[in-house]
Amino acid sequence: MRLLKSFLYILLGSILLTYGVSISSASQPTLPEQDMNPPSFRWYKSIDIPAKGAIITIHGGGWKGGFGEASHQTVRESMEPKLPKGWAELDVAYRSGGEESMIDIRKAYAIAREKFGYNKPVCAWGGSAGAHLAIKLAFEKSSLDCVVAEGPPVNMFSNNDYLDIFIDRYFDPDTLKDWDPETLLQSKSFRAKMLLGVGVDDPFINPLDVQSFARLADKKRLDAEAVVLPKAIEGDSIPFVHTNTTEEANSHYMSKVKDLFRQSIRAKENQLRFK
């Protein structure tokens, strides 16, 4: 089993630095034991003109970080067509690991709030491991306005052999429950509006887990929606995190993403109106 996991780790080493590259087309770089670069934070789009709010973009990659400028560039190219107009983007190239990664995500949130204050929405958008960190941020920061989580590991105890390679590498089994979104939801809450997208044939994330998370959130009167995207078909294929889907399904999903950001703006305006 150890030999199998070592082989799988090498084979699946990159699990998507980007948000929208299918696993079949993703490159497979060798990951060093140590991070190549310290954490970095990069603003995109002008933050000197009035913006609707800030979106913190969080890359995936099995909680592997330290990619620095390479990460910024990859995420930038992937996210450029997807980001809503009028929003500033703060991309974070975090360090590897659970707590180290989360320290950098918290810092990114602090940077965004320092720039925009609390009168404009700040949201987080992550894919794969980045989706997990975005959800964790929502549990920690009640002032986070919205989350887009694509291919999100909401169940860290799912016993998926592929996912477990990275969980075993970066998380202590004795404290894993503190990082598991489903476990956190049993006793904690979040205020952010949350949209969770997952492919029906995602090899790492069970769509039923994502739907279960959203249902539990709904029972607690929290605002979370799960969208399961269908498999791509021959002649109609567009990348989604970990897999591919149809162009129509992706378009429908992106309309929900845009609506989420519009809702976040309205909610913030209403909050200020009755403050």
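Modeller: Start with D145, which is buried, at a relative accessible area of 14%. This is a predicted model, and the cut-off for buried is under 20%.

Biologist: Which residue does the side chain of D145 meet in a salt bridge?

Modeller: In general, side chains of opposite charge can pair when their charged atoms come close. Here the partner of D145 is K268, with 3.4 Å from N to O. K268 sits in helix α8 (residues 247-273) and D145 in the loop between α4 and β5 (146-150), so the pair ties together parts 123 residues apart in sequence. K268 is buried, with a relative accessible area of 4%.

Biologist: How many salt bridges does the structure hold?

Modeller: The structure holds 13. One of them joins E140 to R106, whose closest N and O atoms are 2.6 Å apart. That pair links distant parts of the chain, since E140 is in helix α4 and R106 in helix α3 (residues 98-116), 34 residues apart. E140 is partly exposed at a relative accessible area of 30%, and R106 is partly exposed at 23%.

Biologist: Which residues are linked with E140 in a network of salt bridges?

Modeller: E99, R106 and K136 are linked with E140. Between E140 and K136, the closest N and O atoms are 2.7 Å apart. These two are four residues apart in helix α4, so about one helical turn separates them. K136 is buried, with a relative accessible area of 11%.

Biologist: Turning to a helix, which residues of α7 are buried?

Modeller: They are P207, D209, V210, F213, A214 and A217. They cover an arc of only 165° around the axis, so they lie on the same side of α7. The face turned away from that buried side carries the exposed residues L208, R215, D218 and K219.

Biologist: What do the buried residues of α7 pack against?

Modeller: They pack against α4 (129-140), α6 (181-187), β6 (193-199) and β7 (224-229).

Biologist: What is found at the start of α7, and which residue just after α7 takes a positive phi?

Modeller: At the start, a side-chain oxygen of N206 comes to within 2.9 Å of the backbone nitrogen of L208. Just after α7, R221 has a positive phi of about 60°.

Biologist: Where does H242 lie, and is H242 buried or exposed?

Modeller: H242 lies in the loop between β8 (238-240) and β9 (243-245). H242 is buried, with a relative accessible area of 2%, and its side chain makes a polar contact of 2.8 Å with that of D202.

Note on methods
Residues are numbered from 1 along each chain as its sequence is written. This is a predicted model: local features need pLDDT of at least 70, side-chain atom pairs count only at pLDDT 80 or more; totals for chains, interfaces and linings use all residues. Side-chain values use heavy atoms; hydrogens and water are left out. Buried means under 20% relative accessible area, exposed over 50%, partly exposed in between (1.4 Å probe, protein chains only). The arc is that of the directions from the helix axis to the C-beta atoms. Contact means heavy atoms within 4.5 Å. A polar contact is a pair of N or O atoms within 3.5 Å; within protein, one must be able to donate a hydrogen and the other to accept it, and residues adjacent in sequence count only if both atoms are side-chain atoms. A salt bridge is a side-chain nitrogen of Lys or Arg within 4 Å of a carboxyl oxygen of Asp or Glu.
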